[in-house]
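Grab a viewer and work through these exercises on charged pairs and helix packing. Try each task before you read its solution.

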Amino acid sequence: MNKKELINSGKVKSVFTTDNDDEVIIEFRDDMTAGDGVRKEVMSNKGSYNAVISSKIFKVLEENGVQTQFLDLPKPNMMLAKKLEMIPIEVIIRNIATGSLVRNYPIEDGTKLNPPIVQMDYKNDEYHDPMLNDSIIKALGIATQEEIDILTQKALEINEVLSGLFADVGIILVDFKVEFGKDKDGNIVLGDEISPDGCRLWDSETLEMLDKELFRKGKDSEVMDAYIEVYNRIVPDDEKVI
Ligand code: C5P
């Protein structure tokens with residue numbers, strides 16, 4: 001499968017057309033960014049770790065009945081994926097209060113959230129990803145109420161599957177962000193990636209962070225070891241390609 005034309009270059013991934021109009025190649029680069037891309041570093045092999053972790057997670061989700069855009073991993077840092085028209089909403093699920101939630105609301109860091117919080121942010125760097133609600137989403141013409149309900153339900157299903165997957169390897173899924181798109185038949189399908197870039201993952205025993213929060217806090221030298229730890233725990237030895 002060959003890359004043809006670059007169609008989108010994001011902060012950490014580039015998307016290319018292929019010989020098949022219904023498929024794209026997503027290249028995971030070694031860039032790491034924080035603060036709307038204000039801070040940027042290159043981390044050796046980070047793209048490959050994220051692509052393999054994400055592919056593994058997408059495969060597990062598919063096995064559990066959640067449709068994803070994943071098709072194949074032709075190279076460690078390249079995902080062959082179903083082409084989607086992405087919906088500019090970041091759906092965030094929170095199982096434990098931390099991050100922007102405790103900065104913006106009077107809730108103590110570490111509070112368990114049951115049921116989990118479902119939050120939707122507008123994916124738009126110019127406006128700094130503001131939080132949405134159903135009326136705003138509809139006023140902006142981003143999605144219909146039916147689609148909002150599907151996004152909510154799918155994100156909660158993903159949370160159930162992934163909380164279990166991570167718990168089995170001694171990791172707490174604190175919170176995470178997912179993005180969805182529409183395939184050529186109009187089905188809403190999970191897209192983008194699920195990796196330590198967009199999740200908060202804490203070791204169940206020590207509560208040490210195993211995700212991008214380390215980079216956000218300036219602990220750059222610890223970030224890749226954390227990503228490799230997640231990779232080693234969730235990718236079985238016979239599926240390891242790095
Ligand atoms: O910063 P905040 O607490 O709102 O982040 C919640 C979750 O969503 C975290 O897991 C974070 O990694 C993820 N997130 C993301 N991309 C953003 C904002 C949040 O992946 N633009």
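A salt bridge here is a side-chain nitrogen of Lys or Arg within 4 Å of a carboxyl oxygen of Asp or Glu. This is a predicted model, so local features need pLDDT of at least 70 and side-chain atom pairs count only at pLDDT 80 or more, while totals for chains, interfaces and linings use all residues. Residues are numbered from 1 along each chain as its sequence is written, and side-chain values use heavy atoms, with hydrogens and water left out.

**Exercise 1.** Work out where Arg 233 and Glu 229 sit and how their side chains meet.

*Solution.* Start with the distance: the two side chains form a salt bridge, 2.8 Å from N to O. (Helices are DSSP runs of H or I with at least four residues, strands are runs of E with at least two, and both are numbered from the N terminus.) Then check accessibility, where buried means under 20% relative accessible area, exposed over 50%, and partly exposed in between, using a 1.4 Å probe and protein chains only. Arg 233 comes out partly exposed at 24%, and Glu 229 is partly exposed at 32%.

**Exercise 2.** Find out which parts of the chain are linked by Asp 175 and Arg 94.

*Solution.* First, the pair is a salt bridge, with the closest N and O atoms 3.7 Å apart. Now look at the sequence positions: Asp 175 is in strand β11 (residues 171–182) and Arg 94 in strand β9 (residues 89–96), 81 residues apart, so the pair links distant parts of the chain. Both residues are buried.

**Exercise 3.** How many salt bridges does a search of the whole structure find?

*Solution.* The search turns up 22. One of them joins Arg 29 to Asp 31, with 2.8 Å between the closest N and O atoms. Asp 31 counts as buried because its relative accessibility is 10%.

**Exercise 4.** Describe how helices α1 and α4 pack.

*Solution.* Begin with the axes, which are lines fitted to C-alpha atoms over the stretch in contact, with angles from 0 to 180 degrees between N-to-C directions. Those of α1 (residues 46–63) and α4 (residues 145–167) come within 10 Å and cross at roughly 120 degrees. Finally, pick out the contact (heavy atoms within 4.5 Å): Ile 57, Val 60 and Leu 61 of α1 meet Ile 158, Val 161, Leu 162, Leu 165 and Phe 166 of α4.
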